[in-house]
Amino acid sequence: LAQASQQIMGKMASSGDTWIEISFSQELYLERISGDLERMWTAFPEELVLGSSPRIVYDEDQMTEAAMAAMEFDGSLNGLYEAFNIGRSFSIAFGEDYFWVEDDA
């Protein structure tokens, strides 16, 4: 998300724009990403213990929900890159489904 933001700002700077007009489809992807991030935040366990005996108390359903939200976030992020017409040079890794995307755009 940070990389996408930097690319959007770089695109604006190179064209001399000081503000950006967001289309309806771009707004939808931004809203989807916000929802995905909120789902991930609420799904991760609240009981984290740091220190010499660290532990995480979690529920398997919570972790499944967090993983599903993360995969949906990745899809939403792909859509954002497409909607703003910027290239993506990485992807989130999920086990055997890991892939690397090199976009020359």
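Colleague: Where is Ile22 found?
Modeller: This is a predicted model, in which local features need pLDDT of at least 70, side-chain atom pairs count only at pLDDT 80 or more, and totals for chains, interfaces and linings use all residues. Residues are numbered from 1 along each chain as its sequence is written, and side-chain values use heavy atoms, with hydrogens and water left out. Helices (DSSP runs of H or I, at least four residues) and strands (runs of E, at least two) are numbered from the N terminus. With elements named in that way, Ile22 is found in the loop between α1 and α2.

Colleague: Which residues is Ile22 in contact with, leaving aside its neighbours within four places in sequence?
Modeller: Contact means heavy atoms within 4.5 Å. Ile22 and Phe84 are 62 residues apart in sequence, with 8.9 Å between their C-alpha atoms. The contacts of Ile22 beyond four places in sequence are Glu27 and Leu30.

Colleague: In what order do the elements of the protein chain run?
Modeller: The protein chain has three helices and two strands. From the N terminus on, the order is α-α-β-β-α.

Colleague: At what angle do the axes of α2 and α3 cross?
Modeller: Two packed helices are described by the angle between their axes and the distance between the axes. Axes are lines fitted to C-alpha atoms, for helices over the stretch in contact, and angles run from 0 to 180 degrees between N-to-C directions. The axes of α2 (residues 24-43) and α3 (residues 60-83) come within 8 Å, and they cross at roughly 160 degrees.

Colleague: How is α2 oriented relative to α3?
Modeller: Angles under 35 degrees count as roughly parallel, over 145 as roughly antiparallel, 65 to 115 as roughly perpendicular and the rest as oblique. The crossing angle of α2 and α3 is roughly 160 degrees. That makes the orientation of α2 to α3 roughly antiparallel.

Colleague: Which residues does Ser76 contact, leaving aside its neighbours within four places in sequence?
Modeller: Ser76 is found in helix α3. Ser76 counts as buried because its relative accessibility is 0%. Beyond four places in sequence, Ser76 is in contact with Tyr29, Arg32, Ile33 and Asp36.

Colleague: How far apart in space are Met9 and Trp19, C-alpha to C-alpha?
Modeller: Met9 has its place in helix α1 (residues 2-15). At 52% relative accessibility, Met9 counts as exposed. Met9 and Trp19 are ten residues apart in sequence, and their C-alpha separation is 9.3 Å.

Colleague: What separates the C-alpha atoms of Asp59 and Ala43?
Modeller: Asp59 is found in the loop between β2 (55-57) and α3. Its relative accessible area is 35%, so Asp59 is partly exposed. Asp59 and Ala43 are 16 residues apart along the chain, and their C-alpha atoms are separated by 9.2 Å.

Colleague: What is the phi of Asn85?
Modeller: Asn85 lies in the segment after α3. With 58% relative accessibility, Asn85 counts as exposed. Its phi is positive in a residue other than glycine, with a value near 55 degrees.

Key: Buried means under 20% relative accessible area, exposed over 50%, partly exposed in between (1.4 Å probe, protein chains only).
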